[in-house]
Amino acid sequence: MKETKTGERSRQEPRERDRPWLMRTYAGHSTAEASNALYRRNLAKGQTGLSVAFDLPTQTGYDPDHVLARGEVGRVGVPVSHLGDMRRLFQDIPLEQMNTSMTINATAMWLLALYQVVAEEQGLDEEAVTRLQGTTQNDIVKEYLSRGTHVFPPGPSLRLTTDMIAYTVSHIPKWNPINICSYHLQEAGATPVQEIAYAMSTAVAVLDAVRDSGQVPQERMGEVVARISFFVNAGVRFVEEMCKMRAFGRIWDRITRERYGIEDPRQRRFRYGVQVNSLGLTEAQPENNVQRIVLEMLAVTLSKDARARAVQLPAWNEALGLPRPWDQQWSLRIQQVLAHESDLLEYDDIFEGSHVIEAKVARLVEESFAEIEHIQEMGGAMAAVESGYLKSRLVASHAARRARIESGEEKIVGVNIFETTEPNPLTADLDTAIHTIDPAVEERVVRALQEWRATRDDPRLRVALERLKEAAQGEDNLMEATLECARAGITTGEWAGALREVFGEFRAPTGVSSAPVAMTAEEGSGLAEVRRGVDATARDLGVGKLRFLVGKPGLDGHSNGAEQIAVRARDAGFEVVYQGIRLTPEQIVDAALAEDVHAVGLSVLSGSHTRLVPDVLERLRQAGAPDIPVIAGGIIPNGDAEQLRAAGVAAVFTPKDFDITGIIGRIVDEIRKANKLDPLEVPA
C-alpha cells in the first residue's frame, strides 16, 4: 500500500468485484398454492434462485391417497401429484428467467417432465426450452445410503439417470440433469475422505453408464461432463471443509481428464452448490446455530478457487421443527451481508500459496483416491451399494462420531459443554417458534387429486402408460414417454407404479448388523452398566435376550438416528429387530408380534409422528399387546411430545437427547415398568 502525505495508509484500490453466488432457500410446504406464494415472496426479498422441496410421497412416487402417504402429505415439502399441481406451483413465475433447483431423485425424470411441460404452457417454444436453467438432484446412490427416497433397484435407477442426461444434453443443454450429492453422506456420518470418495465413485458410475449407453457420442462427452454438478455439505470445521472443496476440484479435474479424455478445462471445472450442515444444528441453545451456519458458509465462500456456485443455508431452528418464512429470511440475509457488505468478492484466492492448506488438500486427495480405487476394485459404486459396504462404513463412522460426542472428546457448545443458559426469548413460546402444517391439508390435497382424476381422458391415459411400460421393458430413452404421461394428466403414483411393475422395488441394506462396535462396554462405563441391566431384565423375564424393534413408519427415509439406536442397543445386549425404512404401522405391529419383542422404538423426523405413532399404539392395543412399551424419537415439538405421552407413549426423545447409552438405559427401565418388575438398583 502507498502512504499519503500525512503518513496514513490509503486503502488498496479494489479490483472489480466477483459476481455473488446464487442465493437460494430450500422451501416448499402444504400445497402448490401456498408454496407458490412463498417462492414469490422470497424472490421479492432478493433471492436469486429457487430451490424446491417436495414432500415425501412425491419423492417416493406415491399419490397422496396411498396408505404409505398417511401423515406425510405436505409435511417436508410441496405435494406435486400431476401437471395441475406443477402449474400452480410456478404460476406467475416465468420459468425462462429462473434457475430452479429441484431436490428430487427417484422421480426426478417425472418432475423434470412436468417442469418442461409447464414451461411450454407458459409459451416457450422448442428453442426457448433449450434455455431453461436449473438442476435436478437425481443422485440415487446417496438415497440408498442416507436419505432413503429410493424406489427402484440400482440398475434401473441408473438407467433413468442415464436417459435424463442423454435427453438434456440435446434438448435442455443448460440444465444440470444430476447433482451428485455428498451432502447427505456427511449427514449420515461420512468423514471428508468418505464424502469425496463416495461422491466421486457415484460420478464415475454415472459417466461410465452414459458413455456405455451409446446415446451420447464420444465427441459430446465433454458436454455431459460440463453439466454434471455436485451438492456438498460444509460442517463447522470450516478450514478442513474449505480444503475438502479444493480437493474435490483437483480430483474431478483428474478423473475427467484421465478417464474420459476431456481436454477443455472449462468442461472439467468442479461446479457445486451447497447447503451447510444440518446434522450439527442443536435443539439445545438453538441460538448457537446462527454462528454455526455463518462459520459453515465461510468454508464454501472464502476461497475463490473453490467457491460454491449456489448456496442455501438452513435456519437456526431446524432442530426444533419446520422453519417459518422469517427464519428463512434470516438465513438469506446472512448470505446477502457477506456478499454485499464485506470485501470478500474483491480479492483473488486468499489461500493461494499457503503451505498449511496445500498439505491438507494433498492429504485429502491422496486418501480419497485410495478409497475410490478400493470401490472400483469392488465393481464400482453400484456394487458397493448392493454389497452393503458403503452403508456399513457410514453407519460405523456415524457411530464413532456419536461416541466422541458422548465421551466429551468432540465438544458441542450447549450440548456437552457450557450447558447453562439464560432463558431464550426466541423459544419462549415453542409453538410459535416453528412453522406448523394444518392437519386438514392432507384431506384437501387428496380431495383435489380425486377431482383431477375424474376429469381426465381415460383412453389417452392408458395409451401413455402402456407406452411408458413398453419403453421400460425395451431400450428406448424413457424421457419422451414420460413427457407424454405428463401431458396426458397421469399422476406421480401412476407414473412410478407403472415403472415399479417393470423394474420392481429395492430395499437397501441397513448396515446395522455389520457395523463394528463404536463404544466398548468397559468395566465402569455407562454402557457396561446398561448391559448389566439388559442381562438382569432378560433373566427376570425368563428369556435369553431382550428383543427390541426399531421401526421407521411412513416415508421418512432419514434413518441415521434409528440406525445409531439399533447399533447401541445391539452393543448393550439387545436382540435388535430393524427392517429398515418405509413401513406402515400395520407392518410394524405385525413384526412386533411375530418377533415377540419387549419394546418398540419409532423414529420419525418428517413431522408425521402425530398420526403414525398413535396408529401403532392403537394397533398394538387391538392386537392384545397394549403392555409393549412404545418409545418415540425424532424432531418432535414439546406440545406434540405431551400429546404422545398422553396417548400412551412411554418416552419421547428429541435431538437434545444426545446420550444414546442413556436412552438405551431408559428403554430398559420402561420394559421393567411395563412388566411390573422392580426398578434396577442404581450403583453407588
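With which residue does the side chain of Asn424 make a polar contact, and at what distance?

Modeller: The side chain of Asn424 is joined to that of Glu287 by a polar contact of 2.6 Å. A polar contact is a pair of N or O atoms within 3.5 Å; within protein, one must be able to donate a hydrogen and the other to accept it, and residues adjacent in sequence count only if both atoms are side-chain atoms. This is a predicted model, in which local features need pLDDT of at least 70 and side-chain atom pairs count only at pLDDT 80 or more, while totals for chains, interfaces and linings use all residues. Residues are numbered from 1 along each chain as its sequence is written, and side-chain values use heavy atoms, with hydrogens and water left out.

Asn424 sits in the loop between helix H16 (389-407) and helix H17 (440-454); helices are DSSP runs of H or I with at least four residues, strands are runs of E with at least two, and both are numbered from the N terminus. Its side chain also reaches the backbone nitrogen of Leu426, at 2.8 Å. Residues up to four places away in sequence aside, Asn424 touches Pro286 and Glu287, where contact means heavy atoms within 4.5 Å. Asn424 counts as buried because its relative accessible area is 16%; buried means under 20%, exposed over 50% and partly exposed in between, with a 1.4 Å probe and protein chains only.

For reference, Arg75 is another loop residue, placed between helix H2 (56-60) and helix H3 (83-89). Arg75 is buried and has no salt bridge, the nearest side chain of opposite charge being Glu442 at 6.1 Å. A salt bridge is a side-chain nitrogen of Lys or Arg within 4 Å of a carboxyl oxygen of Asp or Glu; Lys and Arg count as positive, Asp and Glu as negative, and His and the chain ends are not counted. The side chain of Arg75 has a polar atom 3.3 Å from the backbone oxygen of Gly71, and it reaches the backbone oxygen of Gly607 at 3.3 Å. Beyond four places in sequence, the residues touched by Arg75 include Asp55, Ile437 and Thr610.

Leu50, in strand E3 (residues 50-53), is buried with a relative accessible area of 0%. Among its contacts outside four places in sequence are Tyr39, Phe90 and Met98.
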